Amino acid sequence: MPARLFCKTGEFAGASFEIGTETTIGRGPDGGASIPSEVVSGRHARIFFDESEGSYFLEDLGSSNGTKLDGLTVNAPVKLGALHVVTLADRIDLIYHAVERSAAAPATLKAEVGKTEFAPVPVIDLPPEQEDEARRTRIAASPFIGLPPEPEAAGRETQPEDIHPPAPSDPGPLEAPTIVEPPRFALDIARLDDNPKTFLLIEGENTVGRSPECTIMVDAQSVSRQHAVLTVRGGRITVRDFGSRNKTFLNGNPVDAETEIQPGASLRFGIDIEATLRRA
């Protein structure tokens with residue numbers, strides 16, 4: 001799966017880095033993606049390919065100024081999706097892009113020698129006037145050679161410059177491929193203390209809980225350390241409770257199994273954490 005990081009804005013606009021099986025991002029010249037900035041640690045973060053998941057993941061390497069993915073702090077390895085934004089030290093934005101290989105390459109047509117037998121063409125001697133007519137008929141039937149003009153005077157033979165291949169058709173300008181971005185979703189959390197927060201959901205699992213290792217960290221006593229998970233897969237979102245003490249609710253009903261949810265749905269984690277799912 002070819003992948004790369006590129007920068008479109010700021011002091012490193014135009015920079016581009018190819019991503020191998022494992023690529024380190026940092027201030028030093030080694031590792032693959034060198035960002036020579038004083039706010040970037042020597043070994044700031046890394047991107048690595050997980051064979052079991054068939055995807056790349058982003059991990060912070062204990063940097064001084066932190067790493068974010070689409071505005072969310074990276075505390076544990078997170079799966080990367082198309083056009084995710086990796087932010088170093090709240091200052092440098094890098095765009096991640098991966099090109100999926102097609103499932104099957106088109107077959108290449110090859111001529112198989114010896115599979116077809118052709119009968120020999122007999123050679124027949126014709127009188128000069130019939131031979132000339134036959135030659136003209138062959139030329140007229142050819143899709144590649146135009147019919148030569150009539151000789152201007154008796155005795156003038158057709159010259160090579162009289163025969164012109166047809167001009168190639170103009171295919172017109174080539175259109176650039178269109179990159180279709182997958183739908184993006186956000187979770188708006190409203191608390192009783194009037195301190196609302198918005199979390200952009202990433203492709204894959206978005207864990208919710210009181211633990212700092214959760215993708216969506218909610219500091220509330222009624223929320224378990226590992227409370228629930230929102231899973232995004234190609235525009236489809238599901239919610240699943242982790243067996244939390246105070247449960248997860250969807251539109252007022254407790255979530256007992258993994259359930260698909262739609263934008264506009266109301267969620268409640270624990271007793272007092274109300275949230276709404278929407279398109280970003």
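**Aromatic pairs and salt bridges**

User: Let's start with F49; what is the relative accessible area there?

Analyst: In this predicted model, F49 has a relative accessible area of 22%, which places the residue in the partly exposed class.

User: How many aromatic pairs are there, and which one involves F49?

Analyst: The count comes to three aromatic pairs. One of them joins F49 to Y56 in an edge-to-face arrangement, with 5.1 Å from centre to centre and 65 degrees between the planes.

User: And Y56, buried or exposed?

Analyst: Y56 is buried, at a relative accessible area of 5%. Y56 also pairs with Y96, again edge-to-face, with the centres 6.2 Å apart and the planes at 65 degrees.

User: What about the accessibility of Y96, and which residues make up the cluster?

Analyst: Y96 is buried, with a relative accessible area of 1%, and one aromatic cluster is formed by F49, Y56 and Y96.

User: Switching to charges: how many salt bridges turn up?

Analyst: Searching the whole structure gives nine salt bridges. Among them is the one between R46 and E22, whose closest N and O atoms are 3.2 Å apart. Because R46 lies in strand β5 (residues 45-50) and E22 in strand β3 (residues 22-26), this pair ties together parts that are 24 residues apart in sequence. E22 is partly exposed, with a relative accessible area of 49%.

User: Which other salt bridge does R46 make?

Analyst: R46 also meets E59 in a salt bridge, at 2.6 Å from N to O. Here E59 is in strand β6 (residues 55-60) while R46 is in strand β5, so the contact ties together parts 13 residues apart in sequence.

User: Where does R46 lie relative to F48?

Analyst: R46 lies over the face of F48, at 4.1 Å from the ring centre. Elsewhere, R268 lies over the face of F249, also at 4.1 Å from the ring centre.

User: Which residue does K79 bridge to?

Analyst: The side chain of K79 forms a salt bridge with that of E53, at 3.1 Å from N to O. This pair connects distant parts of the chain, with E53 in the loop between β5 and β6 and K79 in strand β9 (residues 78-79), 26 residues apart.

User: How accessible are E53 and K79?

Analyst: E53 is partly exposed at a relative accessible area of 43%, whereas K79 counts as buried at 15%.

Key:
Residues numbered from 1 in each chain as written. Predicted model: local features only at pLDDT ≥ 70, side-chain atom pairs only at ≥ 80, totals over all residues. Heavy atoms only, no water. Salt bridge = Lys/Arg side-chain N within 4 Å of Asp/Glu carboxyl O. Helix = DSSP H or I, 4+ residues; strand = E, 2+ residues; numbered from the N terminus. Buried < 20%, exposed > 50% of the residue type's maximum accessible area, 1.4 Å probe, protein only. Phe/Tyr/Trp six-rings, centres within 6.5 Å; stacked < 30°, edge-to-face > 60°. Lys NZ or Arg CZ within 6 Å of the ring centre and 35° of its normal.
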